[in-house]
Amino acid sequence: MSTVLTRRRALGAAASAAVGLAAGRALTAPAPAFAAAAHQGTAPEAFDEIYQGRRIQGGPSGGGHHGAGHHGGHGGDYAVRVDGEELHVMRNADGTWISVINHYEPLATPRAVARAAVRELQGAPLVPLTLA
Amino acid sequence: MTVRKNQAQLTAAEKRGFVAAVLELKRTGRYDTFVTTHNAFIMSDTDSGDRVGHRSPSFLPWHRRFLLEFERALQAVDPSVALPYWDWTVDRTPRASLWAPDFLGGTGRARDGQVMDGPFARSADRWTVSVRVDGRDFLRRALGAGGRQLPTRAEVDAVLAMETYDMPPWNSASDGFRNHLEGWRGANLHNRVHVWVGGQMATGVSPNDPVFWMHHAFIDKLWADWQARHPRSPYLPTAGTPDVVDLNDTMRPWNDVTPADMLDHTRHYTYDTAA
């Protein structure tokens, strides 16, 4: 059977220098991604809806949900969840968004990214990165 | 010397050799370490922060080294194997021999996207998708779904004509050759091919599909073609750029290789055509 790791632990195993550095920065000062997102202003609105039978939510990630921890260095200050499980999302320089499920096709908003992930998942659960 | 060939020109024996070596890396667990590394960089490379593998000037040298590591792993299994490249401007439909059952297998079925034929089908029990972002452990594809089209030769040529390697702000917003090849701007070459294949290829764990290597081998060849066309255009930036890998900076995760070390592919392999 496969062992379920948190995404953060998996990242640490694979690219410890990079991710460790990013996480370390987040503890002491705003990481570059976070600071830049703040400078861009206009954080996208929060949302919470049922889309094709799945609950999708988006909003600031600092509010105590499990997503807050691993967003400091790379995801900015916004988190998206599908049925409660975090979907890793990222904001591009032009303001568009991608997720780890649709990584190569930017969309206008986090909600559009969450909906695209639901369509792509075809009912499958989003899970933390798993390693054999 | 390793010669990387167009996948369409491979003999049946060469296809069998490549597939067998890939399956052996999968069996030993080595294959999945490449998937894990790629996804770690996908998730940590950001436009406004540290960026190495993607959305940055080092996209090309980083993937050149990544493919070299994979090719060396294949050759440790079978020294006769080289990475083939997929010229998607020519072999641009799901009917291409690339997708036949004796090579990579075809597109996924409608119900769940599952690839049902070829050596990487889940039913053959030699290709379980273990490093994944959702619950599905089978290889998926949706070749050309929704009427999507692969880039044309004319679109490639227009990008190859760009003289400047890369430009500030050195990310997904940049003008210049690298970002147009990567596809965050303009006609969209590399990114669009990931989306055309669909399934895991559209995700951060895209190396779960063996076509990943052939796609990137062709992107790598286009870099070599661009260098041949613009011999006086250097890798940029050269020094002192925050969050970005300059010409002589080392690249994670290896920390022993710089973009400068990766500029000349002929130290490691050649292509079956003159650049």
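**Notebook: aromatic rings, a buried proline and a pocket**

I started with the rings in chain B: B:Tyr31, B:Phe34, B:Phe41, B:Trp62, B:Phe66, B:Phe70, B:Phe120, B:Trp127, B:Phe212, B:Trp213 and B:Trp254 form one aromatic cluster. My pairing rule takes rings of Phe, Tyr and Trp (its six-membered ring) with centres within 6.5 Å, and calls planes under 30 degrees apart stacked, over 60 edge-to-face and the rest tilted.

Ground rules before I go on. This is a predicted model, where local features need pLDDT of at least 70, side-chain atom pairs count only at pLDDT 80 or more, and totals for chains, interfaces and linings use all residues. Residues are numbered from 1 along each chain as its sequence is written, chains are lettered from A and ligands numbered from 1 in the order in which they are written, and side-chain values use heavy atoms, with hydrogens and water left out.

For the element labels I use DSSP runs numbered from the N terminus, helices being H or I with at least four residues and strands E with at least two.

I then looked at B:Trp99, which also forms a tilted pair with B:Trp196, at 6.3 Å centre to centre and 40 degrees between the planes. B:Trp99 lies in the loop between H3 and S2 of chain B and B:Trp196 in helix H6 of chain B, so this pair ties together parts 97 residues apart in sequence.

Buried or exposed, I asked of B:Trp99? B:Trp99 counts as buried, because its relative accessibility is 3%. B:Trp196 is buried too, with a relative accessible area of 3%, and B:Trp86 is also buried. The cut-offs are under 20% relative accessible area for buried, over 50% for exposed and partly exposed in between (1.4 Å probe, protein chains only).

**B:Pro57 and the annotated stretches**

I found B:Pro57 in the loop between helix H2 (30-44) and helix H3 (59-77) of chain B. B:Pro57 counts as buried because its relative accessibility is 0%. Leaving aside neighbours within four places in sequence, its contacts (heavy atoms within 4.5 Å) include B:Tyr165, B:Trp170, B:Arg178 and B:Tyr235. I also checked B:Met262: 205 residues from B:Pro57 in sequence, 13 Å in space, C-alpha to C-alpha.

The unreviewed UniProt entry puts "domain: Tyrosinase copper-binding" on residues 54-71 and 209-220 of chain B. I found residues 54-71 of chain B to be 72% helix and 0% strand, with the end C-alpha atoms 20 Å apart. Residues 209-220 of chain B came out at 83% helix and 0% strand, with the ends 18 Å apart, C-alpha to C-alpha.

**Chain A**

I got four helices and eight strands for chain A. Of its 132 residues, 48% count as buried.

**Largest pocket**

I noted that 22 residues line the largest pocket, with A:Asn102, A:Glu120, B:Ala142, B:Arg148 and B:Gly198 nearest its centre. A pocket here is, on a 1 Å grid over the protein atoms alone, an open set of points where a 1.4 Å probe fits, with protein on both sides within 12 Å along at least five of seven lines; lining residues have an atom within 4 Å of a point. Which element gives the most to the lining? Helix H4 (residues 110-121) of chain A does, with three residues.

Key: UniProt positions are given in the numbering used here, feature names are shortened, and annotations may be inferred rather than shown by experiment.
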